[in-house]
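Dear colleague,

Please find below the structure that I am handing over to you. My notes on what was found in it follow.

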Amino acid sequence: MSSKRKVSRLYLKEEREAYLFLLPWMLGFIFFTSGPMIASLILSLFEWNGLTSPIWTGVNNYINIFHDPLFWQSLKVTSLYSFGSIPIRILFGLLIAILMNQAIKGIGIFRTIYYLPSVVSGVAVAVLWRWLLNPDFGLINILLSKIGLQGPAWLYDEKWVIPAFILMSLWSFGSIMIVFLASLQGVPTELYEAAKVDGANPWNIFWKITIPLISPALLFNLINSIIGSFQVFTAGYIMTNGGPANASLFYVLYLYRNAFVYFQLGYSSALAYILFLIILGLTILMLKSSSAWVYYQGGIGR
Amino acid sequence: MRKNRNIWRGFLILMLLVTLLMTSTTIGNTKIKIRYSSWGDPAELELNKRIIAAFEAKNPDIEVEFIPIVENYEDKITAMYVAGNEPDVMYTSPTRAYDLFKSGLIEPLDSFFKAEPQWLDDSKYFTRAYIPYTDRETRQIYATVNGTNTWAVFYNKDMFTKAGLPYPNQYDEKNNWTWSTFLTVTRKLTKDLNGDGKIDQWGTQVQNTARFWMAFIWQNGGDLFNKSLTEITIDQPKAVEALQFIQDLVYKYQVAPTPAQLESIGAAQVPRGFGLFTNRVATCIWQTYIVQDAKMIKDFKWDMAHLPKKVTRACAISGGAYRISSRSKNKEAAWRFAKFFQEPEAQRMIAEAGLITPFDRSIAYSDIFLKSPGAPEHHQVRLEAIEYGRPAEYQHKNYSKIVDIATQEIDLMLLGKQDAKETARKIKLRTASLMQ
Amino acid sequence: MLPFFWMLSTALKEPIEVYSLPIRWIPKNPQWGNFYKAMTIMPFGRYFLNSIIITSLCILGTLISCSLAAFSFAKLRFRGKDLLFLLVLSTMMLPAHVTMIPKYVLFKYLKWLDTFKPLIVPSFFGVGAFNIFLLRQFFLGIPEELADAARIDGCSSFKIYWNLTLPLAKPTLIAVTIFDFMGTWNDFMSPLIYINSEKRWTVSLALAAFRGGEGAEGIFNLMMAATIIVILPCIIVFFFFQRYFIQGVVVTGLKG
């Protein structure tokens, strides 16, 4: 009996502590985040150009969105981009992270070099890539011609503009690599040693030991990439502005246009919330599935 | 728990420090404060600061707080409007101005202009600069201006000489600079120099901006809207003919590169995609602010000429302007500042900076502007064009969206996917709901 | 890594040479003075100071508030945990443009406009869901045995957090530092919206100024020079911190 009381008292104590730990975040959420989020949700029920008083429209914005062909186009563009770039970036980031996980001299320089691309800000990257993707003089097409292929017009060809952006997304694998690297650090070397002693081959070691142990990082990178790639904006804004013929009209670009070019702030808020629901849905899916394949060394689970 | 408390205490102290560090002390003073916002690159910002300094020197009772906004200008201004703390004077462009004016958030300046009618004297000033900022129905002016930009044909003299062709200016002097002579000239100047089957030198260049293609439509006697702005008229024969001419330059006569071909000659790297810089494009129809950049050209000789005409001469005019918030608490002071940009001292600085044709005629025609170092021989074309220029920004509430739709369709036209008639038809169709 | 060489070579060119094609790799007349020009065309010294203050304070705030929250999600049991965590994640799912105006109005009423406060204070309150998520994943990977032992001895959660979990999570904390540094250093949207006076600009804003306006773009080479200088601290920070990613950090100290 007394142990039960002790357990429940401990549990309450733990709960109290938990909320205390969360206090800064909760204050931040209440004061800085929830207000604007709720404000924009409410805004989505109005028609507003930012100057005159908002006009109530109820769910009209949402209804109009479903009839808006550019909404569907931007959704298609963004989905294609995401499902193309996410697997590639994660794979690439993982591979490089494994390479960088050596304690050899000068590894620091290599890591820096591979991380460097992520450091350069949006506009410089855009300019760089416009040059790289130049149909005649760009490095990419020159390399393709060396192996006998005629490179496409990339940013000027409706069919190839999204693949161009996917290619560009590879450039920013740096943060994914870092997360994997930090995670690889946490894999106990004894496991590797034990496995080697047992005569396991590298392939098995990779799949049976490394992957499960870095699965928390993998989950992180997956969810983060989903959240990020569905909201991609800067590159599209600077390089193609949705062209050619809306073939690169990313969702957030369309949203931005509705807000700050057409000044239909209510409509763009509605667009934002639809995106929100989509991303939320995908994330919940990921999280729910994670109990099947994500292994936490800590053991407390989700 | 004791450790927790210490941590919270330290936390609060840290917060306090942070707050103290960041608090700025304001010493009260008796000057009238007005806030002014502008966008611009470092050179323009410098110019603004110098003008502000000159203004404050002449008006010691006013202090100007300068808010330079480097990018996303209207985004931030919109946020400021919503929060109610927008600046007193704002640098502005015509696109958003109409909405703002209709919403009552810009102060109409009639009473100020009535008290100072000299600004409307066309013999002294290029008063056409006010047109984009005049309400077409009430005729109220709601901004002061700094100058005007027009369009011109910029051309590579060396290429013309080599081809044995007279310069566009010479055609113009004989009143023979038209679409057909323009076509003749550009066809002769489009060459495959090294015989590899690919064109290396282009006669001209087209761009998908409203101010570019609108001019062609006007030159042919057509228009995007009808006079009362109740109907889209881009699908009428004259407008369609103009759009078709532009498309033909690229696909039928092949004197202008496609967007992809433009990239190949390196137009992506040059400022604003101004092909003339690459020394591979013979003529470029461009906005006249590019003169400042063009002064850098050392590899060949260049000059500028009027745009070719068809039925008439036409081009787009634009220019920066200074609007005053109707919620400003210091409108009198704001007006004094806004009009300062039109006064000789500021006009001279603007002329020296060379970014825009000054509003003041005497200064515009003076040597500090017209004959500034590196200026082309026919620089005055820039001033003359003001007489036949008109704004491409119509005062219709859905203008932005309409132009956006038109741009998308013309995008397809310039990709060769549809002809001008189809393009115009689709524009008319897609904008139908916006014209109610 | 070619693009970086291109950036460097562009930075060293004279204005018109920048646009010549085909790309000339070695400038005819390297203008090393461009670096100096780029830094003096606007008072970059002041901007660097501003950026450093903002960035370091942000990192501090993030490390504290986000690790606290992450610890709670990873190690402690309490009602509503899953829902709250989903809430944390959801704060990342709304595009920033949409909350920009309400946030601006909020800060106007707090009278925090044209100060560094909107840029720094939120980070002390966990406004960085990304970092909370990251740290939570890693905390979950730390075995419970040590913590359980300490708890039976009557240790408070805070002691466990401070003495046990944080030291073991060094690689992740380093990662958070790096990410936060890059993010804050290069962020120009927030300073753009909240800061008015030029003297409070960050380097990211100043860099954006090089592109602004319709005026002379003959300073593309200077822009490249400025970009290189602005990126330098990021490279240095990364290089310095990645040393802590030493291979073979042994997490478990137990033998069963």
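The crossing in which α10(B) passes α19(B) is right-handed. On the α10(B) side, the residues that meet α19(B) are A239(B), V240(B), L243(B), Q244(B) and Q247(B), and their counterparts in α19(B) are A420(B), K421(B), T423(B) and A424(B). Sorted by class, this contact comprises 5 nonpolar, 3 polar and 1 charged residues. Please bear in mind throughout that this is a predicted model.

Domains of chain B

Chain B falls into two domains: domain 1 covers 32-149 + 318-390, and domain 2 covers 151-316 + 394-435. A distance of 29 Å separates the C-alpha centres of these two domains of chain B. Between them, 21 residues of domain 1 are in contact with 21 residues of domain 2. On the domain 1 side of this contact, α4 (94-102) and α17 (381-384) of chain B each supply at least two residues. The largest share of that side, 3 residues, comes from α4(B). In terms of class, the side of domain 1 of chain B that touches domain 2 has 8 nonpolar, 8 polar and 5 charged residues.

Sheets of chain B

One open sheet of chain B has 3 strands in the order β7-β6-β8, with antiparallel pairing. β7 (283-287) and β8 (302-305) of chain B are its edge strands; each has a single partner strand, so one side of each is left without a neighbour in the sheet. On average, neighbouring strands of this sheet are turned by 30 degrees against each other, direction ignored. Strand β6 (residues 151-156) of chain B pairs with β7(B) over 5 bridges in the antiparallel sense. Within β7(B), Q287(B) is the residue that stands opposite W151(B).

Another open sheet of chain B consists of 5 strands in the order β2-β1-β3-β10-β4, and its pairing is mixed. Here the edges are taken by β2 (62-68) and β4 (144-145) of chain B, each with a single partner strand, so one side of each has no neighbour in the sheet. β4(B) and strand β10 (residues 321-324) of chain B run antiparallel and are joined by 2 bridges. The bridge partner of V145(B) in β10(B) is A321(B). Helix α2 (residues 42-58) of chain B packs on this sheet, where it touches β1 (32-38) and β2 of chain B, and the direction of the helix makes about 170 degrees with that of β2(B).

Chain C

Chain C meets chain A through 73 of its residues, which are in contact with 70 residues of chain A. Several helices of chain C each supply at least two residues to this side, among them α1 (2-11), α3 (44-75) and α10 (170-186). By class, the side of chain C that touches chain A has 47 nonpolar, 18 polar and 8 charged residues.

Inside chain C, the axes of α3(C) and α10(C) come within 9 Å and cross at roughly 145 degrees. Their crossing is right-handed. Residues of α3(C) that meet α10(C) include S51(C), I54(C) and C58(C), while those of α10(C) include L173(C), D180(C) and W185(C). The contact of α3(C) with α10(C) divides into 8 nonpolar, 5 polar and 1 charged residues.

With kind regards

Terms used: Residues numbered from 1 in each chain as written. Chains lettered and ligands numbered in written order. Predicted model: local features only at pLDDT ≥ 70, side-chain atom pairs only at ≥ 80, totals over all residues. Domains from an automatic or database assignment. Contact = placed C-beta atoms within 7 Å. Helix = DSSP H or I, 4+ residues; strand = E, 2+ residues; numbered from the N terminus. Nonpolar A, V, L, I, M, F, W, Y, C, P; charged D, E, K, R; others polar. Left-handed = near helix turned anticlockwise from the far one by under 90°. Pairing = 2+ DSSP bridges. Axes fitted to C-alpha atoms, helices over the stretch in contact; angles between N-to-C directions.
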